[in-house]
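Me: I'm new to this one. Can you walk me through it, a piece at a time?

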Amino acid sequence: QVQLIESGGGLAQAGGSLRLSCVASGRTFSTYAMGWFRQAPGKEREFVSVVSRSSSVAYYDISVKGRFAISRDNAKNTVYLQMTNLKPEDTAVYYCGAQESTDSDTWVRGDLYNYWGRGTQVTVSS
């Protein structure tokens, strides 16, 4: 069992930055790929970014590539999402998830994640 707790959300102006954190319980954090997803009001949850167990591989949705950076610290059981040049369309609840699979093709699919946090709200004003 893994519990995930996100933090770092809040209100930012367009062009600003925020850093999200997600802390995991348990000793098996390094055995999961860790992803960030987001859900805007009235929309489905969508993939944002994912990092592999060893941080050797990271993927980004085209909408955030070049603006967001994912990283993880396995010693601290924490995954981060550094968000820069924020846009109003980035407004959403951001969730971190943990996935056991080593098949990178599955990492963009939220339905295949094993554990989820409760989310943290990010609001970007224009």
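**Starting from one aspartate**

Reply: Let's begin with Asp90, which is placed in the loop between strand E8 (78-83) and E9. Strands (E, at least two residues) and helices (H or I, at least four) are DSSP runs, numbered from the N terminus.

Me: Before we go on, what kind of model is this?
Reply: This is a predicted model: local features need pLDDT of at least 70, side-chain atom pairs count only at pLDDT 80 or more, and totals for chains, interfaces and linings use all residues. Residues are numbered from 1 along each chain as its sequence is written, and side-chain values use heavy atoms, with hydrogens and water left out.

Me: Back to Asp90. Buried or exposed?
Reply: Asp90 has a relative accessible area of 0%, so it is buried. Buried means under 20% relative accessible area, exposed means over 50%, and partly exposed lies in between (1.4 Å probe, protein chains only).

Me: Which side chain does the side chain of Asp90 make a polar contact with?
Reply: That of Arg38, at 2.9 Å. The side chain of Arg67 also joins that of Asp90 in a polar contact, at 2.7 Å. A polar contact is a pair of N or O atoms within 3.5 Å; within protein, one must be able to donate a hydrogen and the other to accept it, and residues adjacent in sequence count only if both atoms are side-chain atoms.

Me: What else does Asp90 touch?
Reply: Leaving out residues up to four places away in sequence, Asp90 touches Arg38, Arg67, Phe68, Asn85, Val122 and Val124. Contact here means heavy atoms within 4.5 Å.

Me: Where is Arg67?
Reply: Arg67 lies in the loop between E6 and strand E7 (68-73). Arg67 counts as buried because its relative accessibility is 10%. Its side chain also reaches the backbone oxygen of Ser63, at 2.8 Å.

Me: And what is Arg67 in contact with, neighbours within four places aside?
Reply: Gln82, Met83, Thr84, Asn85, Leu86, Lys87 and Asp90.

Me: New topic. How many disulfides?
Reply: The count comes to 1 disulfide, taking a disulfide as a pair of cysteine sulfur atoms within 2.5 Å. Cys22 is joined to Cys96, S to S 1.9 Å. The pair links distant parts of the chain: Cys22 is in strand E3 (residues 18-24) and Cys96 in strand E9, 74 residues apart.

Me: Which hand does the link have?
Reply: The link of Cys22 and Cys96 is right-handed, with 40 degrees about the S-S bond. Cys22 is buried, at a relative accessible area of 0%. Cys96 is buried too, with a relative accessible area of 0%.

Me: Now the rings. How many aromatic pairs are there?
Reply: The search of the whole structure finds 6 aromatic pairs. One of them is Phe37 with Phe47, edge-to-face, 5.6 Å centre to centre and 75 degrees between the planes. Rings of Phe, Tyr and Trp (its six-membered ring) pair if their centres lie within 6.5 Å; planes under 30 degrees apart count as stacked, over 60 as edge-to-face and the rest as tilted.

Me: Where does Phe37 sit, and is it buried or exposed?
Reply: Phe37 is buried, and Phe47 is buried as well. Phe37 also forms an edge-to-face pair with Tyr113, 5.1 Å centre to centre, with 80 degrees between the planes. That pair links distant parts of the chain: Phe37 is in strand E4, and Tyr113 is in the loop between strand E9 (92-99) and strand E10 (115-116), 76 residues apart.

Me: Which residues form the aromatic cluster?
Reply: Phe37, Phe47, Tyr113 and Trp116 form one cluster. The charged end of Arg45 sits over the ring of Trp116, 4.4 Å from its centre. Arg45 also lies over the face of Tyr95, 4.0 Å from the ring centre. A charge sits over a ring if NZ of Lys or CZ of Arg is within 6 Å of the ring centre and within 35 degrees of the ring normal.

Me: Last one: how do E4 and E5 run?
Reply: E4 and E5 run antiparallel, joined by 5 bridges. Strands pair if DSSP finds at least two bridges between them. Gly35 has Val50 in E5 as its bridge partner, and Val50 stands opposite Tyr59 in E6. E5 and strand E6 (residues 58-60) also pair in the antiparallel sense, over 3 bridges.

Me: How covered is E5?
Reply: E5 is mostly covered, with 5 of its 6 residues buried.
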